Amino acid sequence: MSEFIETRGLKKIYCVGEQSVEALKGVDLEIAQGDFVVFMGHSGSGKTTLVSTIGGLTRPTEGTVLIEGNDIWKLNDKQLSNFRNRKIGFMFQAFSLLPTLNVLNNVVMPLIFSNASQKKDTDRLRSKAISLLADLEMEKKINSFPSELSGGEQRRVAIARALINDPEIILADEPTGELDIRTEREVMDIFSHINDTYQKTLIVVSHSLTWLEKAKTIIVMKEGLLFKDVDDPVEAIMEGVCKR
Amino acid sequence: MIVSLFKLAYQNLQVKHLRFYIILISVSIVIAALFASSILISGIHHSLDKGLSKLGADLLVIPKDSLVNMKSALLTGEPSAFYMDSAVLDKIRALNGVKRVSGQIFLTSATGECCVLGNSFLIGFDPSDDFTVMPWVDKKMSSAFPADGAIIGAMTPWELGDNVKFYGIPLTVWGKLERTGIGLYDNAIFFNIKKAHEMSDYSQADKSIKPLAPLKGKISGGLVQLAVGAKTPFITFSILKENPDLKVVTTGNIATSARQTTVAVFSGIIALIVILVLSNVLMINAIFSAVVNERKREIGIIRAIGATRPEIFKLIIYESVLISVMSGVVGMLLGGGLLKIFQRSIVFYLRLLNIPFMLPPVEFIGLTAGAAILVALLMGISGSAYPAIVAVRIDPHETMKQGL
């Protein structure tokens with residue numbers, strides 16, 4: 001695996017009223033292409049901020065985020081939006097689908113913001129969306145609306161949407177939050193399948209220890225920093241980082 | 001069909017039905033009022049322009065104390081009768097700068113006279129020097145104006161070929177003028193001035209009807225057309241200098257007077273519409289601000305999956321464009337419908353105020369409809385612009401913090 005994502009001296013300071021909160025305190029990180037990384041740590045440890053910064057959603061106060069050697073935070077809004085659209089598939093927690101659109105339209109929605117030539121080939125895009133939904137056993141629900149789906153089904157649709165533009169990176173924050181154990185395992189299996197079959201780089205933020213079975217790399221964060229050089233995975237969750 | 005930004009905006013509108021209907025109803029009412037008022041005001045102006053230009057006269061010369069009656073007669077076709085010495089016309093003709101002068105005699109029909117409905121406005125004109133009715137005859141009719149012929153206004157109850165009789169003098173309806181909105185043309189019946197004299201003579205002889213004034217050597221008013229380059233104030237002064245018992249009014253003055261009355265009548269309505277437009281813009285702003293606030297998470301998701309800031313702006317603006325255009329169309333139909341239903345009452349009310357009215361040309365109504373929809377569109381865009389800017393500023397990371 002070659003280096004793919006790299007952060008250098010990443011800092012993020014939030015201003016809350018007159019107080020400033022340092023969410024990231026100079027994070028140096030390297031993620032290889034095709035890796036399956038799970039970020040763990042207590043609430044407020046900075047994992048969501050870190051992933052959000054890598055995903056081009058939150059501008060860091062200091063430091064760089066390099067994807068394939070390019071500093072994404074030197075891009076303008078249009079370029080950055082295009083980067084998010086093409087390079088990254090986001091998967092959100094619950095209620096991440098647009099309630100006014102049916103399953104098919106939710107899945108193809110990232111294409112609205114894709115380049116014009118891609119948008120024109122609507123038949124191909126529709127076929128691709130249906131094929132993805134079929135892979136996720138959701139082909140019978142393409143005309144359903146999010147409110148008619150179970151939590152697990154909504155996650156599947158969100159996964160299909162994350163994959164529709166064939167991105168190289170999938171970012172997911174608590175993708176199995178609020179799910180029962182069985183559905184959680186189903187979603188995790190899908191993630192493993194995506195990682196194995198499509199060679200996507202997966203970056204997951206979660207509190208669930210069940211991800212330890214699936215992840216290739218577990219990174220534990222505490223107070224805006226990464227823990228390093230800890231071999232025991234469970235201990236690592238509390239203290240540092242472990243690579244399998 | 002694959003979803004588009006526009007379709008997404010359309011779908012979003014269907015989520016909060018109540019808000020959608022509040023904007024739709026409120027903006028529609030404003031647009032209805034705006035559209036109907038515009039049609040009314042332009043209809044008045046159109047009527048004045050068309051009618052007064054048809055008159056072809058630069059000046060009207062009438063007895064000094066008959067200005068009010070003349071305005072009523074001219075603008076609303078109120079039957080009126082006033083007279084002055086016809087020799088005045090020859091003096092005016094002799095003035096330098098006067099191109100043509102034509103006299104007319106105004107009569108009112110006898111109440112209860114056989115075969116005459118209501119109170120008709122009768123006008124005798126001299127075909128040999130007339131320049132208000134005869135140009136129409138020359139243009140539209142292939143034969144010469146017969147001695148016993150009558151030309152009727154568009155709003156009179158007769159049809160071509162009808163035989164009518166006033167003060168015992170029979171006339172045959174020979175021509176019908178197109179509608180102008182000016183009462184003098186629309187409600188009057190024109191005939192040879194000789195017939196007016198015959199009517200007067202008949203009325204003197206027939207003791208069963210109220211006699212007309214003796215008309216020998218009399219005229220109700222003179223229409224004066226000036227030569228190119230002639231100065232209106234100078235000619236007016238010259239006429240009044242030799243004929244102090246006369247009143248000289250320009251057709252422009254009459255139009256201005258009617259327009260001023262129009263402004264007085266409609267200024268309150270226009271002010272109300274302006275206030276309504278502004279309050280609707282504020283209402284749209286408040287509703288869209290609430291919508292954006294509620295949809296922060298959704299907007300964050302859309303930003304995350306690749307929407308640029310301008311696309312978020314467009315999404316919000318598209319929603320306002322859709323709803324405001326719909327409101328504009330509904331408002332325009334509503335205003336047009338109400339105008340159609342109440343047209344008779346409105347015209348009657350305007351006539352009481354000496355204000356003529358006729359519907360403006362279809363092309364103008366179309367343009368006004370387009371303008372009304374444009375106003376609705378501008379209301380929607382200006383009301384939603386600030387909320388759209390707020391939406392643009394939404395940090396997608398906020399979505400993450402709420403559980404991306």
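This is a predicted model: local features need pLDDT of at least 70, side-chain atom pairs count only at pLDDT 80 or more; totals for chains, interfaces and linings use all residues.
A:Asp77 forms a salt bridge with B:Arg309, in which the closest N and O atoms lie 3.7 Å apart. Between chain A and chain B the count of salt bridges is two, while six residue pairs, both members being at pLDDT 80 or more, are in polar contact. On the chain A side, α1 (47-54), α2 (77-87), β6 (88-91), α3 (103-108) and α5 (122-135) each supply at least two of the residues that touch chain B. Of these elements, α2(A) gives the most to that side, with five residues. Sorted by class, the side of chain A that touches chain B has 16 nonpolar, 11 polar and six charged residues.

Taken as a whole, the contact draws 33 residues from chain A and 30 residues from chain B. The area buried between the two chains is about 2,800 Å², and carbon and sulfur atoms give 67% of that area.

Elsewhere in chain B, B:Gln225 belongs to strand β10 (residues 221-226). With a relative accessible area of 13%, B:Gln225 counts as buried because that value falls under 20%. When residues up to four places away in sequence are not counted, B:Gln225 touches B:Gly56, B:Asp58, B:Val98, B:Lys99, B:Arg100 and B:Phe131.

In chain A, A:Tyr198 is part of helix α7 (residues 181-198). Its relative accessibility of 33% makes A:Tyr198 partly exposed. Leaving aside neighbours within four places in sequence, A:Tyr198 is in contact with A:Asp135 and A:His193. With A:Asp135 the link is made through the side chains, which a polar contact of 3.1 Å joins. A:Tyr198 and A:Gly34 are 164 residues apart along the chain, yet their C-alpha atoms are separated by 8.8 Å.

Two further sites, one in each chain, deserve a look for their backbone geometry. Most residues other than glycine have a negative phi. A:Glu174, by contrast, has a positive phi, near 50°, and it is found in the loop between β7 (169-173) and α7 of chain A. A:Glu174 is buried, its relative accessible area being 12%. In chain B, B:Tyr167 also has a positive phi, near 50°, and this residue sits in the loop between β6 (163-166) and β7 (169-176) of that chain. B:Tyr167 is buried as well, with a relative accessible area of 3%.

Conventions
Residues are numbered from 1 along each chain as its sequence is written. Chains are lettered from A and ligands numbered from 1 in the order in which they are written. Side-chain values use heavy atoms; hydrogens and water are left out. Contact means heavy atoms within 4.5 Å. Buried area is the accessible area (1.4 Å probe) that two parts lose on being put together, summed over both. A salt bridge is a side-chain nitrogen of Lys or Arg within 4 Å of a carboxyl oxygen of Asp or Glu. A polar contact is a pair of N or O atoms within 3.5 Å; within protein, one must be able to donate a hydrogen and the other to accept it, and residues adjacent in sequence count only if both atoms are side-chain atoms. Helices (H or I, at least four residues) and strands (E, at least two) are DSSP runs, numbered from the N terminus. Ala, Val, Leu, Ile, Met, Phe, Trp, Tyr, Cys and Pro count as nonpolar, Asp, Glu, Lys and Arg as charged, and the others, Gly among them, as polar. Buried means under 20% relative accessible area, exposed over 50%, partly exposed in between (1.4 Å probe, protein chains only).
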